[in-house]
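Please consult the sequence and the structure shown here.

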Amino acid sequence: MMKAGISFMRINKIFVTHLHGDHFLGIPGLVQTISFSDRREPIYIYGPEGIAEAIDAVRGLGEYQLRFELIPVEMDGEFVLEEEKYRIRAVPVDHYIPTYGLVFEEKKRRTFLRERAEALGIPPGPLYSKLQRGEVVEFQGRTVHPDEVLGERKEGFRLVYSSDTRPLDVIKEASRGAVLIHDATFGEEYRDHAVETKHSTAAEAARVARDGGAKALYLYHISPRYKNGKELYEEAKKIFPEVTLAKDFMKVDMSRYKGGKR
Ligand SMILES: [Zn+2]
Ligand SMILES: [Zn+2]
């Protein structure tokens with residue numbers, strides 16, 4: 001996060017897809033680093049069965065003072081987090097311990113017509129936010145209705161993260177019109193191994209993206225046996241051309257994937 005230039009202070013919620021080390025052992029370091037700051041707001045950690053014990057272990061690791069709360073939330077079956085601007089749906093996937101895939105959905109919003117707000121003489125700030133939320137505001141003795149400053153409704157973006165899993169219909173169905181980040185641990189030559197270890201091949205990931213109607217596919221969880229993953233990329237590209245090999249610190253402009261067919 002430091003390298004990526006993302007502030008720890010912005011983290012309020014963490015989703016742990018499953019309790020394999022490569023998916024949650026960054027949390028002790030993250031929590032202890034945040035503990036050096038003056039943070040007081042709690043952090044909610046959503047995870048599968050066993051998350052509360054794992055977070056207890058994190059708290060007991062090392063000597064440090066936590067001035068904020070770590071609140072584990074155990075998910076049991078399908079789980080939905082509704083927020084004002086987005087929704088996160090966690091769906092059980094097919095790995096060899098309880099594991100969740102995540103569907104992030106930006107909610108439909110109407111565009112805020114700033115010029116109109118300015119023309120009405122409304123000062124930027126809290127009144128803008130209220131109007132954006134669709135609330136009527138009183139301003140200098142007059143009533144401004146949100147319709148006066150809001151434009152058309154825009155589709156947000158959808159991001160689907162399969163986590164570690166065999167290919168699944170639930171991920172395929174969630175992928176329509178979405179950007180899909182899918183397990184591609186192996187190539188087809190190790191398909192048996194993928195079945196055994198409950199991961200996917202690059203070709204399988206590509207079929208999920210193609211059959212589900214995803215806008216783009218990012219391959220992740222590449223086995224270290226592949227030096228740069230190029231062969232996995234080639235394998236997937238034959239099936240689904242809009243494929244990219246995900247890399248650490250890669251930045252993707254999601255506005256490219258907003259709207260359109262669903
Ligand atoms: Zn795993
Ligand atoms: Zn993993």
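The points below are grouped by topic.

This is a predicted model, in which local features need pLDDT of at least 70 and side-chain atom pairs count only at pLDDT 80 or more, while totals for chains, interfaces and linings use all residues. Residues are numbered from 1 along each chain as its sequence is written.

**Domains**
- The domain assignment (automatic or from a database) gives domain 1 (1-76), domain 2 (77-108 + 155-262) and domain 3 (110-154).
- Between the C-alpha centres of domain 1 and domain 3 the distance is 38 Å.

**Nonpolar cores**
- A nonpolar core is a set of buried Ala, Val, Leu, Ile, Met, Phe, Trp, Tyr and Cys residues joined through C-beta atoms within 7 Å; buried means that 20 or more other C-beta atoms, placed from the backbone, lie within 10 Å of the residue's own.
- The largest nonpolar core has 45 residues, and those with the most contacts inside it include Val160, Leu180 and Leu217.
- A second, separate core of 5 residues includes Ile122, Leu131, Val144 and Val149.

**Contacts of Leu217**
- Beyond its neighbours within four places in sequence, Leu217 is in contact (C-beta atoms, placed from the backbone, within 7 Å) with residues including Leu180, His182, Ala209 and Phe240.

Definitions and conventions: Chains lettered and ligands numbered in written order. Buried ≥ 20, exposed ≤ 12 C-beta atoms within 10 Å, placed from the backbone. Contact = placed C-beta atoms within 7 Å.
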